[in-house]
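Please read the following briefing alongside the sequence and the model. It begins with a question and then goes through the topics one by one.

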Amino acid sequence: MFRTIEWLDDNTVRLVDQTKLPLKVEFIETSSHERIAESIRTMEIRGAPAIGAAAAMGMALAALESNARTKDDLLDYLEKAAETLNTRPTAVNLTWATTRMLKVARETEGSPSAIVERLIAEAKEIAEEDVQMCRRIGENALSLIRPGFTIQTICNAGSLATVHLGTVGGVVRVAHERYGDIKVYAAETRPRQQGARLTVFEFMEDGIDTTLITDGMIGTVFREGRVDCCVVGADRILKTGHVINKIGTYTMAITAHYHGIPFYVAAPTSTVDMVTELEDVVIEERSPDEVRIINGEYITVPDAKVYNPAFDITPPELVTAIITDRGVIEAPTEEKMRSIFS
Ligand code: MRU
């Protein structure tokens with residue numbers, strides 16, 4: 001798989017347009033932080049770690065654009081850019097990245113141009129760390145994934161949801177590299193179909209045996225014993241072990257629990273939020289038309305009333321283990337989360 005997002009030598013950013021996949025592989029190149037914000041908002045780039053990397057690169061582009069003569073002017077510009085880039089509320093990686101970039105800008109001594117250079121380096125480092133974290137997630141998962149396993153997933157937490165490799169993608173790819181016979185069941189993931197459009201595409205590109213199902217088929221697939229475990233990504237994991245991820249994850253976790261199928265969550269440190277309380281988590285609600293329209297055509301009454309939360313919350317008692325770059329947390333509790341992430 002190609003990299004989802006890259007900083008190029010001419011100080012522009014290149015990202016694959018995920019709204020066009022899998023039918024067209026088209027790239028967007030920009031030197032504007034506002035264009036990056038637009039890409040995050042419209043989901044040309046999506047997936048928690050990928051939008052974190054995009055926001056970091058957006059901050060570096062903003063620093064280049066600012067032409068600030070003083071550090072204070074540069075910081076003012078960057079604070080506004082951070083607000084522009086924080087376009088989606090649920091994935092913590094977005095504010096994690098803009099906060100980290102602002103901190104670096106504040107703490108760097110020297111001229112505005114020295115700070116700009118430092119921010120470009122930091123954005124590249126965030127992207128590189130993401131790739132390394134995904135590989136470590138995959139390596140840590142080897143204690144749970146056995147040869148010949150079939151893994152059920154939802155949404156896309158593969159290479160396209162990160163800079164490269166993926167979180168669930170890391171688990172699948174590293175196990176497949178090791179054992180050679182890992183298979184995947186991908187749930188379609190209504191309404192945006194990230195499972196059908198992106199997960200199936202990228203695993204097939206890498207020669208991994210992948211079966212597409214609609215979301216409503218999960219119970220039957222579990223009852224028929226077709227999968228050995230579930231591995232899903234996360235947009236935010238709280239200190240209590242609550243997992244916020246794509247809508248449908250909670251239903252999958254309940255169904256897995258009923259059938260005694262292990263339910264694993266794969267996520268990097270940048271997705272762990274040890275601060276926000278459960279009641280303060282904001283679940284993004286997206287446009288009703290995402291549910292009413294498929295491929296430009298209404299599939300229901302055009303003014304049908306719609307509820308369209310993009311994410312849901314899975315409680316820790318339904319999570320068999322959280323697989324992170326820092327290790328595996330079985331049956332997550334606040335104490336175990338604190339021992340690894342405080
Ligand atoms: O709305 P999206 O496509 O950005 O949602 C993505 C997900 O929910 C992923 O499962 C999550 O970000 C983990 S990606 C490694």
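Does Gln193 count as buried or exposed, and at what relative accessibility? Gln193 counts as buried because its relative accessibility is 18%, where buried means under 20% relative accessible area, exposed means over 50%, and partly exposed lies in between, with a 1.4 Å probe and protein chains only. This is a predicted model, in which local features need pLDDT of at least 70 and side-chain atom pairs count only at pLDDT 80 or more, while totals for chains, interfaces and linings use all residues. Residues are numbered from 1 along each chain as its sequence is written, and side-chain values use heavy atoms, with hydrogens and water left out.

**The ligand and its surroundings**

- The ligand is surrounded by 18 residues, and the closest are Arg88, Gln194, Asp235, Asn245 and Lys246; a residue is near a molecule if one of its heavy atoms lies within 4 Å of it.
- A polar side-chain atom of Asp235 lies 2.7 Å from an oxygen atom of the ligand, and a polar contact is a pair of N or O atoms within 3.5 Å, where within protein one must be able to donate a hydrogen and the other to accept it, and residues adjacent in sequence count only if both atoms are side-chain atoms.
- An N or O atom in the side chain of Arg46 is 2.8 Å from an oxygen atom of the ligand, and for the side chain of Arg88 the distance from an N or O atom to a ligand oxygen is 2.8 Å.
- Taken alone the ligand exposes 420 Å², of which the protein buries 99%; these accessible areas come from the Shrake-Rupley method with a 1.4 Å probe.
- At least two residues of the shell around the ligand come from helix H2 (48–66), and at least two from strand S9 (243–246); helices (H or I, at least four residues) and strands (E, at least two) are DSSP runs, numbered from the N terminus.

- Gln194 has its place in helix H7 and is buried, with a relative accessible area of 2%.
- Not counting residues up to four places away in sequence, Gln194 touches residues including Met43, Arg46, Cys155, Asn156 and Lys246, where contact means heavy atoms within 4.5 Å.
- Leu198, found in helix H7, counts as buried because its relative accessibility is 0%.
- With residues up to four places away in sequence left out, Leu198 touches Gln18, Leu21, Arg46, Asn156, Leu160 and Gln193.
- Leu198 and Arg338 are 140 residues apart in sequence, and their C-alpha atoms are 34 Å apart in space.

**Other backbone features**

- Most residues other than glycine have a negative phi, and most peptide bonds are trans.
- Leu165 has a positive phi of about 80° although it is not a glycine, and this residue lies in the loop between strand S4 (150–154) and helix H6 (168–179).
- Leu165 counts as buried, since its relative accessibility is 8%.
- A cis peptide bond with omega of about 5° joins Leu21 and Pro22, and Pro22 is found in the loop between strand S2 (13–16) and strand S3 (27–30).

**Strand S6 and Thr210**

- Thr210 has its place in strand S6 (residues 209–213) and counts as buried because its relative accessibility is 16%.
- A polar atom of the side chain of Thr210 lies 2.9 Å from the backbone oxygen of Ile208.
- Leaving aside neighbours within four places in sequence, Thr210 is in contact with Val184, Ala186, Val200, Phe203 and Met204.

**Partly exposed and exposed positions**

- Lys103, whose place is in helix H4 (residues 92–107), is partly exposed because its relative accessible area is 47%.
- Lys103 and Leu75 are 28 residues apart in sequence, and from C-alpha to C-alpha they are 9.9 Å apart in space.
- Glu317 is found in the loop between strand S14 (311–314) and strand S15 (321–324), and at 60% relative accessibility Glu317 counts as exposed.
- The C-alpha atoms of Glu317 and Ala253 are separated by 9.7 Å, with the two residues 64 residues apart along the chain.
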